[in-house]
Structure formats: structure tokens, C-alpha cells
Amino acid sequence: MQNNTAISQLIEAGKWVSQKGWVPATGGNFSARTSTGFVVTASGHDKGSLTPEHFLQLDHQGERLAGAVKPSAETQLHLSLYQLIPDAQCVLHTHSVAATVLSQITQRHQLDLTGYEMQKALSGFTSHLETLSIPIFDNDQDIDRLSLLVSDHHLHTPIEHGVLIRGHGLYAVGRNIDEVRRHLEALEFLFSCELERLKIVGIQAGVTK
């Protein structure tokens, strides 16, 4: 994909994600693989009002090719996901309430979801009876260290649809912009359903005491 095409697609995705309320303030960052490497959003900009000047162009090793803006601190994690998942062409990182809270209250290092029809919106799923597992990694300001943890996990359990960073948010991946947008919307719906389910279970438990 050409850099200009990738940037245009991410600008449109930014408007859509912002309207959903999944990237408050200047949160989140987006990227797309290109023929020369990948493009990624700069730090500190409203994702609903992106322009071409808000992007950097990087090579396959993450070295800057173009763009004078400050790179996102999480650029290395985007690079790692592209290196780990050859089919990944786009990464959308969001900060929704549901993803943030679920990643905090889930004690295990993965979120397991089953029984939801919306699971079938994710590539590879054909039944609500299957279990969708999204890995959860503890938040770390050392992005290189966090990227290594993600890489180590992928060696024994391949990452397919995305990862959660505890108390931080979701990184959704896809083979093109349409697939990653579908994955993102489906996952955010599932997270919202699961959070509501846990609330109701908690209320019912309190009532029956």
C-alpha cells in the first residue's frame, strides 16, 4: 500500500473511532503497513481531527523516513505486531471504558469470551460456542520491554485479533483496514457486553446474600 493511501484510510478510521468515543482526549494511536515500512500517528493529537501532517513514515525497522512530528511512545509495539504477524496490515489502538475496565478487573493474563453471537464477526470464528481469548499484558512505560513480552507470548500462542494492555486499552489488528475496523467494533461490543454481564452477576450475588 502507498503511504498516502494508508494515511487517508487512517484519517477516516480516526473520525469513526472518535465518534464511537473510544479515543478520548488525545488517546490512542493508529498505523498501517506500507510498501516502504509503515505509517503511524504522531503523539498528542485528537484522533478525530487527523491530517496528513499528523503522521510519520517509518521503514521496516522503525527508522524515520518522513514526518517532523513527535512519534507516539507506543510506536515500537506497532512495529512488533507487524514483525510478529506477517498478515497484519493495520493496527488500531483504542482507550474505551469497557476495554480499560475489563483489563483491570480480569486477574488472568487473558480474557476468555464465549456464548456471544458477535464472536463470528472475527476472522476464523464460525460459532458462538467457540472460546475467544484475548491476551492481557500488564501496562509498562518501557515499551521495548512490553514489546518483548508480547513477542514471547506470540511464540507459544499466536496473536490473531488483538491484545489488551491492562488499564490502558486494546490493540486491534487486521489484514486490511476493513477487517481491523470490523475486529475493533466486534471486540468493543463484546467487551461492553461482558462488562455489563459481570455487573449484573455482581448485583445478583449481592441480592441473594
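**Reading the descriptions**

Author: Let us start with His 153, which, leaving out residues up to four places away in sequence, touches Pro 135, Phe 137 and Ile 159. Please keep in mind throughout that this is a predicted model.

Reader: Where does His 153 lie, and how do you know whether to call it buried or exposed?

Author: His 153 lies in helix α4. Its relative accessible area is 15%, and buried means under 20%, so His 153 is called buried.

Reader: What makes α2 and α4 roughly parallel or roughly perpendicular?

Author: The axes of helix α2, residues 75-84, and helix α4, residues 143-156, come within 9 Å and cross at roughly 20°. Angles under 35 degrees count as roughly parallel, and therefore α2 is roughly parallel to α4. The crossing in which α2 passes α4 is right-handed.

Reader: Which residues make the contact between α2 and α4, and how do they divide into nonpolar, polar and charged?

Author: On the side of α2 the contact is made by Gln 76, Leu 77, Ser 80, Leu 81 and Leu 84, and on the side of α4 by Ile 143, Asp 144, Leu 146, Ser 147, Val 150, Ser 151 and His 154. Of the residues in this contact of α2 with α4, six are nonpolar, five are polar and one is charged.

Reader: Why is α2 described as largely enclosed by the rest of the structure?

Author: The reason is that eight of the ten residues of α2 are buried. These buried residues are Thr 75, Leu 77, His 78, Leu 79, Ser 80, Leu 81, Tyr 82 and Leu 84.

Reader: How many residues are in the largest nonpolar core, and which element supplies the largest share of it?

Author: The largest nonpolar core has 39 residues, and those with the most contacts inside it are Leu 10, Leu 92, Leu 132, Leu 164, Leu 170, Leu 184 and Phe 191. Several elements each supply at least two residues of this core, among them α1 (3-20), β5 (90-94), β7 (131-137) and α5 (177-208). The largest share, eight residues, comes from α5. Leu 184, if its neighbours within four places in sequence are left aside, is in contact with Trp 16, Val 17, Trp 22, Leu 92, Thr 94, Leu 170 and Ala 172.

Reader: What makes Leu 56 count as buried, and which residues are in contact with it?

Author: Leu 56, whose place is in strand β3, residues 55-58, has 0% relative accessibility and so counts as buried, since the cut-off is under 20%. Leaving aside neighbours within four places in sequence, the residues in contact with Leu 56 include Phe 38, Val 40, Ala 42, Arg 64, Val 69 and Pro 71. Leu 56 and Ala 42 are 14 residues apart in sequence, and 6.5 Å apart in space from C-alpha to C-alpha.

Reader: Why is Ala 25 called exposed, and what is Thr 26 called?

Author: Ala 25 lies in the loop between α1 and β1, and its relative accessible area of 67% is over 50%, so Ala 25 is exposed. Thr 26, placed in the loop between α1 and β1, has a relative accessible area of 40% and is therefore called partly exposed. Ala 25 also has a positive phi of about 55°, although it is not a glycine. Most residues other than glycine have a negative phi.

Terms used
Residues are numbered from 1 along each chain as its sequence is written. This is a predicted model: local features need pLDDT of at least 70, side-chain atom pairs count only at pLDDT 80 or more; totals for chains, interfaces and linings use all residues. Side-chain values use heavy atoms; hydrogens and water are left out. Axes are lines fitted to C-alpha atoms, for helices over the stretch in contact, and angles run from 0 to 180 degrees between N-to-C directions. Helices (H or I, at least four residues) and strands (E, at least two) are DSSP runs, numbered from the N terminus. Angles under 35 degrees count as roughly parallel, over 145 as roughly antiparallel, 65 to 115 as roughly perpendicular and the rest as oblique. A crossing is left-handed if the near helix is turned anticlockwise from the far one by less than a right angle, and right-handed if clockwise. Contact means heavy atoms within 4.5 Å. Ala, Val, Leu, Ile, Met, Phe, Trp, Tyr, Cys and Pro count as nonpolar, Asp, Glu, Lys and Arg as charged, and the others, Gly among them, as polar. A nonpolar core is a set of buried Ala, Val, Leu, Ile, Met, Phe, Trp, Tyr and Cys residues joined through side-chain atoms within 4.5 Å. Buried means under 20% relative accessible area, exposed over 50%, partly exposed in between (1.4 Å probe, protein chains only).
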